[in-house]
Amino acid sequence: MTMVAVLALLIGLAAAVPLLTRSLGRDAGYPLAVGYLLGCGLLASRLPVVLDNGAVGVSARWLPSLDIAFALRLDGLAMVFGLLVLGVGALIMMYCPRYLAPHRPCAALYTLLTLFTVAMLGLVFAADTVLLFLFWELTTVCSFFLIGLASPAAARPATRALLVTAGGGLALLAAVVVMVVALGTSDLTTILAYPDRLLGSPVAWVVGGLLIVAAFTKSAQFPFHFWLPSAMVAITPVSAYLHAATMVKAGIYLLIRFSPIYAEQAAWTIVLVLGGLGTALAGAFLALRQHDLKAMLAYSTVSQLGLLVGVIGVGTPAALAAAVLHTVAHALFKATLFMLVGIIDREAGSRDIRQLSGLRHVMPVTATLTGLAAMSMAGLPPLLGFVSKEAIFDALIKTGVDPWLSPSAEVLAVSASALTFAYGARIVYETFAGPPRQPELYEPAWTFLTPAAIAALLSLLLGPAAALLGPLIDQATENASPGGDPPYVAFWHGFNPALALSALTVLAGTALFIARSRVDQLVQSVRLPPAGAVTFDRCYGALLRLGGIVGRPTRYDSPAAHLFRPVLLLVLLGAAGSAALGSMPPWPAASAAAGDWPLLVLLAVALAGIVLARSALAAVGLLSLVGLMVATWFLLAGAPDVALTLMLVEVLTAVVTMLVLRRLPARLPGAGRQPVSFFAAALAVAAGAVAVAATVGLTGRRDLSAPGDYFLRTAKPATGGGNVVNVILVEFRAFDTLGEATVLVAVALGLVGLFRTAGRGVVGGPGAAGGPGGTAGRGRTGTGPAVPDPVLRFAHRLLTPVMLVVSAWLFLRGHDEPGGGFVAALVAGIAVGLGQLAYVAYAGRSPMTAGRLRPRPLLAAGLLTCLGIGLSALLAGEPFLTPSPGLKLSVLGFSVSLVTFFDLGVYLMVLGLITAAVRRLGTVVPSDAGVASDAPVPPDAAGVRAP
């Protein structure tokens, strides 16, 4: 349960961020760092068990029908990545309070960083491929928001990162689906334990290719590398965390995790070695072209990730051990460098090395720490980067797939490492050597330097003491390459070919640094093809233009333009299906009850009235009458639940329509002036005929369906509920209901956003319609009276308590009789709408009901309630959303159980949506004033006047 405890701890920290930032401001990073360290301690407490037994795991039923479990597994490889995520995360949280401006809002940043940690930990702990994919995508979403937090200018780079990495996520999803279909299981441990099952199937290389695409997009390998440097618009703590220990390391983890299957396959090795080392060389070259320190580190990350991908492709135990070791070294020196660059930027006001010089005179500690991190990145002793770089060289020397691959890999790796040495030396020399240009600078506070100092000193200490990491590296290697003989991790291995390659790297890098002026001129003179970001943006823009062309036929204000296509399609389908119906058995005789014919006549009259109506109010009234007559028809047919729901929806629709009509003309545009279109009338008649024919032809053709029969037979015995409709919604198909309600929450949040942006023009405000200087109340086409309507106000005060009581009564009886959370929420929503209608134009005051209800708390409470009921089932050992029917109480004669609380969550979400809708529709923005006029509306592009 350690992994569950760590994830729960971090989720709790994320939930506590608003409270922490409210009381501590930016210093909330310190208690969050303590929480991260506590998580490290919890993981470390399981280290002896992991080293002894290999792994610990926990699993709970999640989707039993698909044999998918919420399974977590902590082995050596997951332990390494988990400790890196939490350890570097703690340093970043310690760094944030001094980096952030004192009065800058930081709750969103801290929350997203913590949720990002949860996603990354879930990814490395996941023991089910479906769960791994979900956490993989969660890292993508969190990184998008973290990058976009920086400024409005960060929107484009954030979108670019989202689209590229989400595209790789789709590749991973496809790989997961293919594996599950081919192997019959999504359990990651089983898939990795029997590699021959996947390799022996025809989809083996499809899966391998998809995994490579997913890893290359996430870890910024060519040709997907371009998103990473452009993501440098993110603030420095975000860049440090994403580049050092989290986002980009997800692809590295994925490749190492699937090495037991593909490590000995020649195609896998060649693609990863050449693709990774080619990216390493290109990234190092591009880093040498930069003058911005942060841009240098961005391309350096691309290069180092390429080096990791290349050595993973070798696939031997020695190579995988080197990859794991260099992952640790890279996390330490890259986190140090990013944090120190942030300090330099804050103190000197620039990151351009052409404007920086001599900072060692005024910032000696910063210079020393930067030198240590740059030495580790360059692979110099006694830093940990030297140990890991030498291990990589040793693994590349022993590449045994083809005779030509090993020499090629050595040349690429040494060349990339020499360039790394050159730009690492350039960072230190250009920034800290020479005469000081800003002698007034001084060393920042120790609280600002401490996180970077800890990471730099760990790199220094763990170099000579690399053997301390040996047991954990060995266990991680065993997990990545079962049955192999992991190498001995040590600082010194004697004089060997790998040491010779390290020496050659230093000599070549030193030569490049000495000739830096000439080298800089040379690299700047190289003409490169258009950057990947430019190409991507062009393709993205072309795709948007294509979407505009495809969607152009639907870009009309007139509903007729939108209705024409589906109605015409309905008629054509009806005509095409008439031949098929002719071959079926004779149609059954239509049966009708005595009360059906009067309803049909009244419906025909009402519909004719709607078509001929010139008044908007008359049309709305007749439309509501049609709905109520249809509800009556359902009631006569024996469907009281459907009738009740439809009736309430019609009443609520009428209320909402009245809010809209305050902004529209009293007469329908074009009514009485435009001749009736013969084509439109013929199409409407044809569509009605098709609907009638389909109803008559298909009614009574089959007996009760098997699912319907099952629900009728088992609803009462299985759940104790007599209302089969409600039982299906909140028990049998509760997961579907939760999904649909979540969509409602998303829609409602969009309405809340519209309300917040447009609500400043609410009726009654200065200059708004109905307020001082406004236009409301001056004519019959205004936006409403300037004083509350006395009739509606009296009706609201009289009927609201009654409607709320009825709402509660319908809610409590819903499990046994017609009612339930959805219907009850409609009744309460009508009360909210009536209040908005009565008070909307009264000096800008909120109505009694809608003013006291806030959509966001209602939505959050409803969604959390439903999720809590679902999770309570997991705690009881049952699948998600299957509460025990035995937990029941009696309240006022009604049966109340856990299912009732799930229904309560639905009630709150539906009420939140209605509240958001009526508040938004009751808000008048300044542009609304122009809508309310009797001026003729010009025809749109389709030649139909918009209503």
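A search of the whole structure, which is a predicted model, finds 11 aromatic pairs; rings of Phe, Tyr and Trp (its six-membered ring) pair if their centres lie within 6.5 Å, and planes under 30 degrees apart count as stacked, over 60 as edge-to-face and the rest as tilted. Local features need pLDDT of at least 70 and side-chain atom pairs count only at pLDDT 80 or more, whereas totals for chains, interfaces and linings use all residues. Residues are numbered from 1 along each chain as its sequence is written, and side-chain values use heavy atoms, with hydrogens and water left out.

**Aromatic pairs**

- The rings of Phe144 and Phe145 have centres 5.2 Å apart and planes at 65°, so this pair is edge-to-face.
- Phe144 has 23% relative accessibility and Phe145 has 44%, so Phe144 counts as partly exposed, and Phe145 likewise counts as partly exposed (buried means under 20% relative accessible area, exposed over 50%, partly exposed in between, with a 1.4 Å probe and protein chains only).
- The rings of Trp205 and Tyr262, with centres 5.5 Å apart and planes at 50°, form a tilted pair.
- This pair links distant parts of the chain, since Trp205 lies in helix 10 (residues 204–218) and Tyr262 in helix 14 (residues 259–262), 57 residues apart; helices (H or I, at least four residues) and strands (E, at least two) are DSSP runs, numbered from the N terminus.
- Trp205 is partly exposed, with a relative accessible area of 43%, whereas Tyr262 is buried at 0% relative accessibility.
- Ring pairs also link Tyr95, Tyr99 and Phe448 into a cluster.

**Charges over rings**

- The charged end of Arg346 sits over the ring of Tyr99, 4.0 Å from its centre, where a charge sits over a ring if NZ of Lys or CZ of Arg is within 6 Å of the ring centre and within 35 degrees of the ring normal.
- The charged end of Arg516 sits over the ring of Tyr429, 4.3 Å from the ring centre.

**Hairpin**

- Strand 1 (residues 55–63) and strand 2 (residues 68–75) run antiparallel and are joined by eight bridges; two strands pair if DSSP finds at least two bridges between them.
- Within this pairing, Ser59 of strand 1 stands opposite Ala71 in strand 2.
- The two strands form a hairpin with four residues between them, and Asp67 in the turn has a positive phi of about 60°.

**A covered helix**

- Helix 12 (residues 236–244) is mostly covered, with nine of its nine residues buried.
- The buried residues of helix 12 include Pro237, Tyr241 and His243.
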